[in-house]
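Dear colleague,

Please find below the structure that I am handing over to you. My notes on it follow, and I would ask you to read them with the structure open.

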Amino acid sequence: MDFAAIVLAELERRGLNINQAELAHGFPQGFIRGVVRNDEKRAVPSIQKAEQIADALGLEFYVGPPRDTGPVEQVVIDGADYAHIPLHDALLAAGPGSDNSSEQVIDQLAFRRDWLKRIGVAASAARLARVHGDSMQPTLWPGDMILIDTQRNTPQVRPRDARDQRRSPVYAMIDHGEARVKRIERPSADQMLLISDNPDYPPELRQGADMRAIQVIGKVVWWGHTAKE
């Protein structure tokens, strides 16, 4: 969840609109509105301004590496700290969606905590699942295990520039109730592209209700192939 969404959620919880919040805390008109508006003119607040808004709403303000937000089972192996990351009994479809209505934790794998910290993942926000389908080949193959950072669940709006050759990030998501894994591109605030790495599968453009039907679980930050004979 991004800063604007957090602020709006807290205002709603308190039963305040933006004007009331600005007046109550002595902020000039537009002080909060400018950083929460849902269009291309949304302002990116400075650290100082974001901290002022957070303090006024009773929110903790923190800038730094991702922190654990819940209990994490730890183990020490050869003097190094490891965190147990849950493996869910869920298949994330690289093609059509998967129904995981009986999804549960079936195992745990140990990851070094210093490695998780280096890639910016809080152990309590990390989840593991498996892939099936061929639409994300050759990046992801059926049976691959993927590590998902559930704190990074808001794909950023990034207008496409022909000079920008970066590939869009891979995300796990629930699409109309079914689990999928795709690259997500946000060319504008009201558009989302679901992109497959397999050229046999064309991009899927989502807008309006179809876009709102997508719940992003988190960003895929690591994957591992299983060798098969």
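**Salt bridges**

The side chains of Asp175 and Arg180 form a salt bridge, with N and O 2.9 Å apart; a salt bridge here is a side-chain nitrogen of Lys or Arg within 4 Å of a carboxyl oxygen of Asp or Glu. Please note that this is a predicted model, in which local features need pLDDT of at least 70 and side-chain atom pairs count only at pLDDT 80 or more, while totals for chains, interfaces and linings use all residues. Residues are numbered from 1 along each chain as its sequence is written, and side-chain values use heavy atoms, leaving out hydrogens and water.

Side chains of opposite charge can pair when their charged atoms come close. Arg180 also meets Glu204 in a salt bridge (2.9 Å, N to O). This pair links distant parts of the chain, with Glu204 in strand S9 (residues 204–207) and Arg180 in strand S7, 24 residues apart. Helices (H or I, at least four residues) and strands (E, at least two) are DSSP runs, numbered from the N terminus.

Are Asp175 and Arg180 buried or exposed? Asp175 is buried, at 6% relative accessible area, and Arg180 is buried at 7%, whereas Glu204 is partly exposed at 23%. Buried means under 20% relative accessible area, exposed over 50%, and partly exposed in between (1.4 Å probe, protein chains only). Asp175, Arg180, Glu204 and Arg206 are linked in a network of salt bridges.

**Helix H4 and the cores**

In helix H4 (residues 47–56), the buried residues are Ala50, Ile53, Ala54 and Ala56. Seen down the axis of H4, these residues fall within an arc of 165 degrees, so they line one face of the helix; the arc is that of the directions from the helix axis to the C-beta atoms. Ile47, Gln48 and Asp55 are exposed on the other side of H4.

The largest nonpolar core has 15 residues, and Ile53 is among those with the most contacts inside it. H1, helix H2 (18–24), H3 and H4 each give two or more residues to this core. A nonpolar core is a set of buried Ala, Val, Leu, Ile, Met, Phe, Trp, Tyr and Cys residues joined through side-chain atoms within 4.5 Å.

**Backbone details**

The peptide bond from Gln137 to Pro138 is cis, with omega near 10 degrees. His176, in the loop between strand S6 (170–175) and strand S7 (178–188), has a positive phi near 50 degrees.

With kind regards
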